[in-house]
Amino acid sequence: MKYAFFPGCVSRGGCPELYPAAVKVCERLGLELEVMEGAACTGAGVLQEKNQLLGDALNARTFAMAEDMGLPIMTICSTCQGTMSQAHKRMADDPAYMAEINEVLAEEGLEYKGEVVVKHLLWILVEDLGLDTLKTFITTPLQGLRMAPFYGCYIIRPTGALGFDEHPEREDSLERVIETLGAESVEYAGKTRCCGFPILTINERNSVSMVANHTLEAKGLGADAMVTPCPLCHLNLDGFQPKAASMRKTSIDLPILHLPQVLGLAMGMDAKSMGLNKHIISAKKLLSSVALSA
Amino acid sequence: MDVTLNVRRFDPESESPESRFQEYNLEVEDYFTVLDALIKVREEVDGSLALRCSCRASICGSCSMRVNGHAKLVCKTKVRDVANAQNQVTVEPMGNLPVVKDLVSDMKPFWDRVRAVKPYLQPEGEEPEAEYLAPNETMLHLAGVMSCIMCGACVSDCTAIEVDQRFLGPAALAKAYRFVGDPRDDADRSRLQMYSQPGGIWDCTRCMECVQVCPKGVAPMDRIMGLRDMAIEAGFSNNNGARHTEAFTDSIKHSGRLDELKLPLRTFGVFNVQAMMGLSLVGLRAFLRGKTPPIIHKAIPGKDKVRRLFDKVEGKR
Ligand code: SF4
Ligand code: SF4
């Protein structure tokens, strides 16, 4: 299994621990990656709100590059995945729109033929690798741990653009991966809500309230950690958790893990190489319980 | 099929007015909607169950409730499509609105928001002899947003309202878009200025809950994004939201990727010391953990090609 790897800006920017963790985990799982170095940011929906054609053209450019490589694209960010899926759908639904975009790409000698496949690592685990195969890689089952899934808006809505009709298993993919790793998945309302990141610099109070609501709800249900396939959710839920705690005059201390990091833990990979020492909310206590159960 | 409806009950007049779940086991036909099932409960099992409905054909917008945690018109939702493996369905009143009794929500906060956007034409100039006319083709782009039936589903599940009741919210802002887009309305500038205030278009988190739950395809969030673009174009850009969008766009244009360090700087403006301090405390913690974006922002290889793409598309506007 080989993929054109689209790392996204944040896995090498605000969450620099994510990129190496993802690369190492994929290597262990036998997922071959070819990094798309020349691909631009997806626009993350922000560029699209200003100029949709521009945002979609940037993504079509990335799609055309992947077609030239003859590979499906792998993402490691809910927001990248959703933004690309939406662009993909708009072009698939409207050939005239796609032609207009291809006119823009022609200048660079690129053409998007409409055949690209874009999948988040989370979906690759369930659909391409298969959970039974994933199980064979697990050396340190996360027995006894309660993990709260946190999807990130873009990888679950709108379902029409994300292929949920053809792939209904995407709806609870994160819970199933968590269970495959041996942990218990915490069921709570917050798992499909917004982390608040998009309004962080616009309305910090509201943004941090969201962090407080979700982390406290999960914590109240006994979660030992939260797992997210989205580095933007991670930035907010981890980085602003201290602020959320002081806003509610309580302590929260809920480690927020990137999806590849939990995979690495369950496969017995070294916590440091997974960048687990780089979070704002320390994962130390969690790591010692993993070590105890091993 | 036999199903179990797990219904959240609330009676303000009872001795201990706290909400609780009540289970109803009943047999339903294959074609039953959740509303059919609830009506069957009320008529055959428990006459005290309160719910609101009228047309039963997704036109009136009366029967929005949360089914398995998400807002739906229950008259448009088949039991067999939402029942889980154990044939259970959970039904609750809408979120973000006070509950009158059981599944009946108080819609006042919903209507207050709609009223706040001035949902009526404000034409200027001479009054025509008969009605204000608009050519068909100028109204076509509003057909989607005009199909809103004011059911409240989007407001129920809006993640921004959940933390801040002051937010105007999806339905009201979709309605606002409908009037800004109407060629007969002449109040665009004052509207866009008003909608750009705190609690307006920039407080939306872009979570897409409203797009997902709307039973009529109104896509309120897309309308809010449309309003943002129009507000910036009209010059109402002296706010954090507009500056954020501009800075984001600029970063991609110049380097092909996002510069996370410069983003807050440009969003707050260099002189907003308080806001910058708040963020830089988090930045400092991140730095101590060895977790900061590289100070020197690296462009992607081929950034000039991205720049040319920007120029080409922006030239089209
Ligand atoms: S996209 Fe915006 S308006 Fe719609 S539900 Fe989310 S926060 Fe509310
Ligand atoms: S926008 Fe959709 S969900 Fe919201 S009130 Fe109108 S019809 Fe209902």
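Predicted model: local features only at pLDDT ≥ 70, side-chain atom pairs only at ≥ 80, totals over all residues.
Local features are given only at pLDDT of at least 70 and side-chain atom pairs only at pLDDT 80 or more, while totals for chains, interfaces and linings use all residues. Residues are numbered from 1 along each chain as its sequence is written, with chains lettered from A and ligands numbered from 1 in the order in which they are written.

Begin by selecting ligand 2, which has 14 residues around it, with C148(B), C151(B), C154(B), C214(B) and V218(B) coming nearest (a residue counts if its C-beta atom, placed from the backbone, lies within 6 Å). This shell divides into 12 nonpolar residues, one polar and one charged, where nonpolar means Ala, Val, Leu, Ile, Met, Phe, Trp, Tyr, Cys and Pro, charged means Asp, Glu, Lys and Arg, and polar means the others, Gly among them. Now colour α8(B), which supplies the largest share of the shell, three residues; helices (H or I, at least four residues) and strands (E, at least two) are DSSP runs, numbered from the N terminus.

Turn next to chain A and select the open sheet of four strands, whose order is β6-β5-β7-β8 with parallel pairing (two strands pair if DSSP finds at least two bridges between them). Its edge strands are β6 (184–185) and β8 (256–258) of chain A. Within the sheet, β7 (residues 225–228) of chain A pairs with β8(A) over three bridges, and V227(A) stands opposite L257(A).

Finally, select helix α10 (residues 231–239) of chain A, which is largely enclosed by the rest of the structure because nine of its nine residues are buried (20 or more other C-beta atoms within 10 Å of the residue's own, all placed from the backbone); among them are H234(A) and D238(A).

Definitions and conventions
Buried ≥ 20, exposed ≤ 12 C-beta atoms within 10 Å, placed from the backbone.
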